[in-house]
Every structure is written in structure tokens, then in C-alpha cells.
Amino acid sequence: MEKRELLYEGKAKRLFLTDDENLVISEFKDDLTAFNGEKKSSEAGKGALNNKISTELFKLLEANGIPTHFVEMMDDNHMLHKKVDVILIEVIVRNIATGSLSRNLGIEDGKVLPFTLVEFDYKNDDLGDPKLNDQHCLILELVEHQDELDKLRRMAREVNDVLKPYFAKIGLNLVDFKLEFGKDSSGNIILVDEISPDNCRFWDIESGEKMDKDRFRQGLGGLTVAYEQVLNRILGKN
Ligand code: C5P
């Protein structure tokens with residue numbers, strides 16, 4: 001597969017066209033950003049770790065019947081995947097309260113939620129990714145019908161139903177995560193972007209240690225060591 005011109009550069013990835021109009025290549029960068037780009041850094045090896053973790057998790061989800069954009073991992077920093085029209089809704093799934101949920105609603109940090117919460121944020125950096133309800137999504141024409149919002153919620157719960165017990169088996173609490181979806185060339189809604197410690201929170205079940213991007217957000221250090229731990233546990237190498 002030939003890597004052609006740069007289509008888009010995001011905060012953590014560069015997207016390239018290929019010689020197949022239905023396929024694109026993501027290059028996972030070592031850059032880190034938080035607080036809507038206000039805090040920036042770079043950690044050597046972070047991109048490759050996220051590519052490898054995402055690859056394993058996309059394969060797991062596909063094996064459990066959840067359609068994703070994943071095609072193959074090409075090398076340490078490159079993933080080949082389907083080209084989609086991205087839906088500009090960040091779907092946030094929460095099992096345990098922390099982060100913006102605790103900050104905004106005063107729910108105790110670490111409280112196990114009585115049921116899995118699914119929220120929608122507007123994928124719009126200029127506006128700071130505000131919360132959306134279903135009516136906002138329809139007024140903004142982020143989707144065509146209410147059915148599609150129902151489908152996003154259903155798929156997000158299915159992802160959680162696969163990932164939460166999977167991570168529990170390798171000693172990690174899946175606290176919360178962000179998913180993105182897109183429409184493929186046939187109009188099917190599929191899971192896109194990445195699933196990595198950049199967009200999930202993992203807490204070690206025994207020690208409570210944070211094994212995700214909160215290490216950067218909170219200045220705890222040891223980010224790539226933690227990401228590598230997550231990958232090694234996924235690969236059964238701990
Ligand atoms: O900050 P907040 O508590 O809302 O984040 C919830 C989850 O969504 C976290 O796992 C975080 O990493 C992820 N997230 C993300 N990208 C954003 C906002 C949140 O990956 N723009």
C-alpha cells in the first residue's frame with residue numbers, strides 16, 4: 001500500500017491518502033496534548049505503543065462483532081484503515097466517576113456509577129468540545145436521524161461490554177473512555193480513531209495506579225512505562 005499526500009494533521013495522528021480511494025493511513029505521533037491543546041509535550045515511543053494497543057483492541061472488538069475501520073498495522077507507527085466520514089460526536093463511556101464528570105457534577109472521584117453512563121461531546125476544538133444532548137446533535141445536523149444517535153449509544157455500550165471484562169482479567173479497571181464513529185463508503189456506522197491510554201482511563205485494580213494519559217495531565221511522569229505495561233498485559237507478557 002502506497003502512502004500518498006497528507007490529508008489531515010491532528011493532535012496525535014497524521015492521516016495520509018493511499019493508492020486505494022477507500023483506504024487511508026494513520027501515522028501515530030509521539031505528541032501529547034491536554035486541556036484542549038493548552039498543555040503540550042512529546043514522549044518517544046508513545047505513538048508506537050498506541051498503535052499497537054489500538055491494533056489489539058480493534059481486533060478484539062471485530063472478533064466480537066463490532067465493526068471498526070481497522071485493516072492492518074503496517075509498522076510501529078502506521079495503521080491502515082478504511083476512509084470514513086467522521087461523525088463529529090465524541091462518545092464518552094463511563095463506569096467510574098472521575099475527570100470532568102466529578103468536576104462538573106460534584107460526583108465523588110472514584111465512585112462506581114450505578115450504571116454505565118454514555119455522554120456525547122461536540123468534536124469541536126474552537127468551542128472546547130461542549131456537552132451535547134440529542135436535540136443539539138439533530139439541530140447541528142451531526143447525524144441524520146435519532147436512530148443514528150441510538151445506534152451510537154448501543155455500539156458504545158457493546159464496546160464497553162467487551163472491553164470492561166477484558167481489562168478486568170488483566171488487572172485494570174476500565175474507568176472511562178472516548179470513542180469516535182464514522183460512516184464508511186456504504187453508509188454503515190463503524191468505530192474509528194484509536195482506543196489507547198490516550199483516550200481511555202485505566203486504573204490498576206490492586207494499586208489504584210493510573211495507567212493512562214492522566215499521568216501527563218496531572219504531571220505524574222512515567223507515561224510510556226505505564227502505556228507499555230498496558231500493552232504487555234494485553235499481549236500476556238506481564
Ligand atoms: O475529561 P473527561 O473526564 O471528560 O474524559 C472522559 C474520557 O474521555 C477520558 O478517558 C478521556 O481520556 C477521554 N477524552 C478524550 N478526548 C477528549 C475528551 C475526553 O479522549 N477530547
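How many nonpolar, polar and charged residues does the shell around the ligand have? I began with this count in the predicted model. By class, I found three nonpolar, three polar and eight charged residues in the shell.

**Entry 1: ligand surroundings**

I then listed the residues around the ligand, which number 14. Those that come nearest are Arg94, Ser100, Asp176, Arg201 and Arg217.

For Arg201, a polar side-chain atom lies 3.0 Å from an oxygen atom of the ligand. For Arg217, the corresponding distance to a ligand oxygen atom is 2.9 Å.

I next checked how much of the ligand is covered. Its exposed area when taken alone is 450 Å², of which the protein buries 83%. I also recorded which elements give two or more residues to the shell: strand 9 (89-96), helix 2 (99-105), strand 12 (172-183) and strand 14 (200-204).

**Entry 2: helix 4**

I turned to helix 4, which spans residues 146-169 and has 24 residues. From its first C-alpha to its last I recorded 35 Å, close to the 34 Å expected at 1.5 Å a residue.

I listed the buried residues of helix 4 as Glu148, Leu149, Leu152, Met155, Ala156, Val159, Asn160, Val162, Leu163 and Phe167. Just after the helix, I noted that Gly171 takes a positive phi of about 80 degrees.

**Entry 3: Thr55**

I located Thr55 in helix 1 (residues 46-63).

**Entry 4: Glu194**

Where is Glu194 placed? I found Glu194 in the loop between strand 13 (189-192) and strand 14.

I looked for a polar partner and found Ser196: a polar contact of 2.7 Å joins the side chains of Glu194 and Ser196. Not counting residues up to four places away in sequence, I recorded that Glu194 touches Ala12, Lys13, Phe28, Asn50, Ser54, Phe58 and Asn199.

Note on methods:
Residues are numbered from 1 along each chain as its sequence is written. This is a predicted model: local features need pLDDT of at least 70, side-chain atom pairs count only at pLDDT 80 or more; totals for chains, interfaces and linings use all residues. Side-chain values use heavy atoms; hydrogens and water are left out. A residue is near a molecule or strand if one of its heavy atoms lies within 4 Å of it. A polar contact is a pair of N or O atoms within 3.5 Å; within protein, one must be able to donate a hydrogen and the other to accept it, and residues adjacent in sequence count only if both atoms are side-chain atoms. Accessible areas come from the Shrake-Rupley method with a 1.4 Å probe; for residues, only the protein chains shown count as cover. Helices (H or I, at least four residues) and strands (E, at least two) are DSSP runs, numbered from the N terminus. Ala, Val, Leu, Ile, Met, Phe, Trp, Tyr, Cys and Pro count as nonpolar, Asp, Glu, Lys and Arg as charged, and the others, Gly among them, as polar. The expected span of a helix is 1.5 Å times one less than its number of residues. Buried means under 20% relative accessible area, exposed over 50%, partly exposed in between (1.4 Å probe, protein chains only). Contact means heavy atoms within 4.5 Å.
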